[in-house]
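Take them one at a time, and check each solution before moving on.

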Amino acid sequence: MSSSPEARLAGLGLELPAVPAPLAAYVPAVRTGRYVYTAGQLPMVDGNLLLTGKVGDQVSVAEAAALARTAALNALAAVASVAGGLSVVTHVVKLTGFVASDPGFTGQPQVVNGASELLLEVFGEADRAAGMPFDAPVEIELIVEVSD
C-alpha cells in the first residue's frame with residue numbers, strides 16, 4: 001500500500017470525525033513515547049449513540065459489525081488527535097472489543113471484525129490479527145510496566 005492512511009480513508013468515502021467528547025472523567029487518547037492508548041470508543045456520530053441494545057436480541061450481527069466500524073473510526077480520530085495524524089502510525093499493536101450480547105449469542109468475533117476490517121483497509125495486511133490458538137475458548141493478556 002503506497003497511499004497514506006488518510007487517503008485510504010477518503011477512498012473508502014470516510015473521514016476522521018471530530019473526537020467524541022468524553023462522557024466521564026477520562027481523555028480519549030494518551031500518547032506515551034511511541035505508543036498511543038485510546039479510551040474505549042463507542043459508536044457515536046455527532047454526539048449521538050447510533051443504536052442501543054444487545055447483539056443477538058435487539059441488534060443484528062451486521063448492525064453490530066457496522067457499529068464496531070464506527071467505534072474504530074472514532075478510535076482512529078482519537079489516535080490522530082494526539083499523534084498528529086494517522087500517517088505516523090507504524091503498526092496497530094492491539095485491538096480490544098467488547099460486545100454487549102444476549103446470553104445465547106456466540107458471534108462476538110464477527111462483531112469485532114467490523115473494527116478489524118476497517119483497520120486492515122486503512123493500514124494494510126501487516127496489521128492482520130490472528131485468531132485464538134488451538135481453538136481455545138479463553139485467552140488472557142497483560143500489559144505491565146517494569147523498572148529500568
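Two residues are in contact when heavy atoms of one lie within 4.5 Å of heavy atoms of the other. Keep in mind that this is a predicted model.

**Exercise 1.** Find the residues that L86 touches, leaving out those up to four places away in sequence.

*Solution.* Start at L86 and look for its contacts. With those sequence neighbours set aside, L86 touches P5, E6, L9, L16, L76, V79, A80 and F123. Next, look at the core. L86 is among the members of the largest nonpolar core that touch the most other members, along with L9, L76, L118, V122 and F123. This core has 14 residues. A second, separate core has six residues, including V59, A64, L67 and F105. As a general rule, nonpolar side chains tend to be buried together in soluble globular proteins.

**Exercise 2.** Describe the order of helices and strands along the protein chain.

*Solution.* First count the elements: the protein chain has three helices and four strands. Then read along the sequence, and the pattern is α-β-β-β-β-α-α. Finally, consider the contacts with a separation of 6 or more: 69% of them are between residues 24 or more positions apart.

**Exercise 3.** Locate the salt bridge and say which helices it links.

*Solution.* The structure holds one salt bridge. Its partners are E121 and R69, whose closest N and O atoms are 2.7 Å apart. E121 sits in helix α3 (residues 108-123) and R69 in helix α2 (residues 61-83), so the pair links distant parts of the chain, 52 residues apart. In general, side chains of opposite charge can pair when their charged atoms come close.

E121 has 32% relative accessibility, so E121 is partly exposed. R69 has 24%, so R69 is partly exposed too.

**Exercise 4.** Which residues make the nonpolar surface patch of about 370 Å²?

*Solution.* The patch is made by L23, Y26, L42 and L49. Take L42 as one of them: L42 lies in the loop between β2 (35-38) and β3 (44-45). Patch residues need over 30% relative accessible area. L42 has 42%, which means L42 is partly exposed.

Methods: Residues numbered from 1 in each chain as written. Predicted model: local features only at pLDDT ≥ 70, side-chain atom pairs only at ≥ 80, totals over all residues. Heavy atoms only, no water. Patch = residues over 30% accessible without salt bridge, like charges linked within 9 Å, V, L, I, M, F, W, Y side chains within 5 Å. Areas by Shrake-Rupley, 256 points an atom, 1.4 Å probe, with all protein chains shown as cover. Salt bridge = Lys/Arg side-chain N within 4 Å of Asp/Glu carboxyl O. Helix = DSSP H or I, 4+ residues; strand = E, 2+ residues; numbered from the N terminus. Buried < 20%, exposed > 50% of the residue type's maximum accessible area, 1.4 Å probe, protein only. Core = buried A, V, L, I, M, F, W, Y, C linked by side-chain atoms within 4.5 Å.
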